Amino acid sequence: MKLRGRRDECAALDALLAHVRGGQSEVLVLRGEAGIGKTVLLEHAAEQATAGGVRVARCVGVQGEMELAFAGLHQLCGGLLDDGLRALPAPQQDALRVAFGLQQGETPNRFLVALATLSLLAEAAEAAPLVCLFDDAQWLDSASAQVLAFVARRLLAERIGMVFAVRDQGGAELAGLPELRVEGLSDADALALLQATLHGPVDAPVRDRILAETRGNPLALLELPRGLAPAELAGGFGLPDARPLAGRIEQTFHARVTALPAATQTLLLIAAAEPVGDTALLWRAADALGVGTEAAWPAETADLIDLGARVRFTHPLVRSAVYRAAGAGARREVHAALAAATDAALDPDRRAWHLAGAATGPDAAVAAELASSAARARRRGGLAAAAAFLQRAAELTPAGVVRVDRALDAAQAKLDVADAAAAADLLAVAEHGVALDDLRRARVERLGAQIAFARWRGREAAPLLLAAAQRLDALDAGMARATYLEALAAATYAGRLGDGPDEAEIARAVVDGVAPELGAADALLNGLVVRFTDGYAAAAEPIRAALRAFDPDGGTDAERRWLWLACRMAQDLWDDELWHDLATRGVRVARETGALHLLPSMANYLAVYRVHSGALAAGAALADEVDALTAATGLPPLKYGAFMVVAAQGDDAAAAGMFRFGFASANERGEGSALGVATWMLALMHNGAGRHDEALLSAREVGEYEDVIAYGWALAELVEAAVRCDRPEEAGAALGELRERTQAAGTPWALGVEARCAALVTGDEDKYLESIALLERSRAALDLARARLGYGEWLRAAGRRGDARDQLRAAHSDFTRFGAAAFAERARRELLATGEAVVAAPADGGRPVLTPQEAEVARLARAGHTNPEIGAQLYISPRTVEYHLHKVYRKLDVSTRHELRDALPCA
């Protein structure tokens with residue numbers, strides 16, 4: 001196939017295939033507007049792959065299947081199951097079989113499905129290199145898109161290529177993957193293509209207008225002239241069509257379709273209404289409508305459809321043009337025929353969907369079938385499909401409370417998979433269905449507030465949640481208390497930017513309703529009430545007791561959803577043991593259960609913990625995963641971990657753009673706590689680099705508000721900055737406030753930081769020694785190195801150069817090993833001042849730096865996990881684990897897992 005004007009794009013695809021044949025995985029996203037030539041480029045890749053001995057697996061996103069969980073994944077993997085499924089471990093086999101509806105079972109773990117998909121593709125690639133081609137990836141169902149994007153990010157040493165073709169503004173799950181923008185053809189190539197298409201005279205002004213309006217879009221260049229009569233080509237256009245380009249292209253397809261015989265148009269409509277592509281089903285439905293096989297010839301001759309082993313339209317816009325152009329009556333008639341032709345026993349869900357398409361109004365029986373389909377979809381882990389079935393069921397349910405309940409259930413399902421926009425639409429159905437009783441009205445209010453929090457995590461949610469909780473007080477005590485907890489959490493996020501009730505006002509509203517503790521979440525609510533009414537010190541022990549009651553492994557689903565808040569409060573209590581336990585177990589449970597609403601938050605807190613414990617590379621790896629997860633789920637950005645990494649590194653260049661984005665995003669959403677955390681991190685970064693005047697300004701700003709976490713931690717930065725800027729009174733006042741919190745917290749980490757700050761203020765050597773001794777008992781590796789740095793600086797100023805060198809060497813070594821470059825440079829300068837020559841650490845920290853993925857693989861290998869176990873945890877193949885370990889060994893100059901224990905920091 002020779003493509004006009006696509007030399008660079010073809011070269012990129014050819015290079016990808018060469019890498020795959022050479023044993024290296026590669027991923028590429030082709031992005032561009034409809035008709036720009038992405039499909040033709042995929043055809044080029046398929047031809048080149050086949051010619052070069054590379055196996056091709058294909059998948060086409062279909063609008064009609066966007067709500068059917070794993071539909072796209074099944075399309076891709078269907079041809080690989082017979083040979084590859086039996087080679088997978090039993091849990092992975094079961095996950096795929098349940099996801100694809102091949103067997104009954106519990107809701108499949110989304111991450112286990114992803115790992116099984118990776119294993120299946122890797123198994124296929126063992127026999128021959130494999131390239132997976134995805135057309136119209138913007139129309140993949142969300143479950144498939146998330147799994148495939150997750151797999152794409154974890155390919156490395158397999159002989160697998162993945163090429164996604166996606167329209168502009170689509171495929172959010174693919175964000176961050178290597179991307180090639182497919183633009184319009186150059187003027188010369190566009191003119192040559194147009195001239196090859198025209199078969200009659202054309203005026204220069206008409207030609208120039210076609211070129212201008214199509215903007216080099218190949219499909220538009222081919223299709224638009226076909227819709228013009230010879231006289232129009234010779235005489236000129238009327239007024240330009242103001243619709244988007246895709247609409248104009250659809251219009252030309254529509255014109256070609258309506259010129260076909262009526263039977264052929266009906267056949268095309270059947271194919272458009274049934275996107276599964278089952279040729280036998282198509283002909284059964286066609287036969288029921290009196291359409292014979294001769295109807296196919298005109299459509300195939302017009303190059304609109306290909307009726308081979310599967311039904312395939314030559315371009316996705318043909319399908320949409322056919323379906324949208326058909327009258328409502330014709331569409332209902334076709335759906336009825338398809339429902340009748342679908343086996344109710346083998347595929348009840350698709351039959352129910354077609355019955356819904358055939359309905360002319362409310363139909364309780366069809367609605368009940370849709371509700372049953374929703375239950376089956378939920379069991380298969382298809383929450384998006386369940387919501388779609390429930391939405392359609394609600395629409396077809398006669399007015400009444402059943403309709404309301406189905407709409408509310410559908411909205412909740414959408415919210416659980418982070419589709420807040422769809423949840424809001426469904427909520428409107430429930431809200432305006434009938435006159436609601438008090439409990440349903442309260443559910444509506446609560447769900448609306450939850451949607452607001454999920455969308456923005458800012459100022460809007462707290463007042464709405466408080467109102468819903470107060471309404472629920474007399475209706476459902478358990479739901480009321482859960483809603484009060486949600487309101488408190490929302491208020492802590494809104495912080496300084498909140499324009500409704502603050503934490504104290506919400507806590508006071510809860511006091512009269514405090515009930516015997518029903519579980520960890522309820523105990524946490526009681527502790528937070530004390531926190532925001534009686535103060536930090538009074539609440540420390542009640543909150544700590546509540547956090548210890550959280551059991552990620554054996555707790556209820558209702559408690560697990562609050563693990564993120566429990567982890568947040570463990571940080572506020574300076575309890576890095578609880579923080580570590582909740583974050584690590586929470587991430588594991590979220591992965592095992594496929595809880596995508598929970599995993600980003602837990603991974604975010606674990607990323608910050610990794611930095612706290614000195615494992616910056618591992619923290620960076622988790623921060624990258626958080627970015628991928630929030631992009632895939634549409635959640636607001638969670639940059640806590642990423643900010644902490646660059647702040648600890650002292651990476652000014654990376655921090656500039658990141659913090660600018662963070663402040664703008666937080667202000668827009670009304671998330672005041674994000675401003676507090678980011679400003680505290682700026683103070684940390686400035687202190688690390690010795691810019692204490694700038695650190696002082698940032699720490700003061702945080703001190704104006706009592707944000708959870710940020711306020712207490714910023715006090716420590718304020719003490720150091722004030723001391724270095726010769727402001728002893730300000731430093732002493734900040735130390736007093738800090739001591740109130742750290743004494744109440746009572747952990748080695750809290751008391752160690754307090755002792756370090758006291759040493760800075762008083763110059764008491766014993767306090768430096770006390771700080772180091774306490775922090776050695778904690779997990780606070782970064783703070784321990786800072787204590788040694790501060791003690792070394794004090795010793796050098798006291799003229800005790802020999803003693804100073806011991807502390808400064810230890811600090812410099814730790815900071816360098818962590819990758820905290822600015823702190824390491826500060827320690828190096830102090831060592832130079834003692835008379836010890838120290839070579840400046842290179843940007844890589846003075847030793848070969850492991851990539852985030854290498855660091856995580858090495859950490860797990862050091863802990864004794866096998867390659868398959870590591871692959872299962874990180875969702876990569878054992879071959880990729882082996883590849884990473886080989887590089888780790890070479891970089892660290894070790895040869896065994898045992899040697900990794902000495903070569904890597906503990907975290």
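A cavity here is a set of grid points where a 1.4 Å probe fits but cannot get out. With that in hand, let's walk through this predicted model.

Q: How many cavities of 30 Å³ or more does a search of the whole structure find, and what is the volume of the largest?
A: Rolling a probe the size of a water molecule over the atoms shows where empty space is left. Searching the whole structure this way gives 8 cavities of 30 Å³ or more. The largest cavity has a volume of about 310 Å³.

Q: Which element gives the most to the lining of the largest cavity?
A: The lining holds 24 residues, with K639, Y640, E671, A674 and V677 nearest the centre. Two or more lining residues come from each of α32 (599-612), α34 (640-649), α35 (652-669) and α36 (672-688). By class, the lining has 14 nonpolar, 5 polar and 5 charged residues. The top contributor, with 6 residues, is α35.

Q: Which elements give two or more residues to the lining of the second largest cavity?
A: This cavity holds about 180 Å³ of space. Its lining has 16 residues, and M644, W680, W713, W749 and D783 are the closest to its centre. Sorted by class, the lining has 11 nonpolar, 1 polar and 4 charged residues. The elements that give two or more residues are α32, α36, α38 (710-724), α40 (748-762) and α42 (781-797).

Q: Why is α36 described as largely enclosed by the rest of the structure, and how many of its residues are buried?
A: A residue counts as buried when its relative accessible area is under 20%. α36 is largely enclosed because the buried share of its 17 residues is 16.

Q: How far apart are the end C-alpha atoms of α36?
A: At 1.5 Å a residue, the 17 residues of α36 should span 24 Å.

Q: Which residue follows α36 with a positive phi?
A: Most residues other than glycine have a negative phi. Following α36 is a glycine with a phi near 80°, namely G690.

Q: Is S698 buried or exposed?
A: S698 lies in helix α37 (residues 692-703). Leaving out residues up to four places away in sequence, S698 touches T679, L682, A683 and H686. Its relative accessibility is 10%, so S698 counts as buried.

Q: How many of the residues of α40 are buried?
A: α40 reaches 20 Å from its first C-alpha to its last, close to the 21 Å expected. The buried residues include W749, E754, R756 and L760. Just after α40, G763 takes a positive phi of about 70°. The helix itself is mostly covered, and of its 15 residues the buried number is 11.

Q: Which element gives the most to the largest nonpolar core?
A: In soluble globular proteins, nonpolar side chains tend to be buried together. The largest core here has 179 residues, and M162, F164, L547, W564, W579, W680 and F815 touch the most other members. With 10 residues, the element that gives the most to this core is α38.

Q: How many residues are in the second, separate core?
A: Among its members are L269, A286, V311 and A341. This core is separate, and its residues number 32.

Q: What is the relative accessibility of F70?
A: F70 sits in the loop between β2 (55-60) and α3 (71-77). F70 has a positive phi of about 70° although it is not a glycine. F70 counts as buried because its relative accessibility is 2%.

Q: Is D726 buried or exposed?
A: D726 also has a positive phi without being a glycine, about 60°. Its place is in the loop between α38 and α39 (728-745). With a relative accessible area of 64%, D726 is exposed.

Q: What distance separates the C-alpha atoms of E183 and K38?
A: E183 lies in the loop between β5 (179-181) and α8 (187-197), and at 44% relative accessibility E183 counts as partly exposed. Beyond its neighbours within four places in sequence, E183 is in contact with R6 and I36. E183 and K38 are 145 residues apart along the chain, yet the separation of their C-alpha atoms is 9.8 Å.

Methods: Residues numbered from 1 in each chain as written. Heavy atoms only, no water. 1 Å grid on protein atoms, 1.4 Å probe; cavity = no way out; pocket = protein on both sides within 12 Å on 5 of 7 lines; lining within 4 Å. Points joined across faces, edges and corners; volume = space filled by probe spheres on them. Helix = DSSP H or I, 4+ residues; strand = E, 2+ residues; numbered from the N terminus. Nonpolar A, V, L, I, M, F, W, Y, C, P; charged D, E, K, R; others polar. Buried < 20%, exposed > 50% of the residue type's maximum accessible area, 1.4 Å probe, protein only. Contact = heavy atoms within 4.5 Å. Expected span 1.5 Å × (residues − 1). Core = buried A, V, L, I, M, F, W, Y, C linked by side-chain atoms within 4.5 Å.
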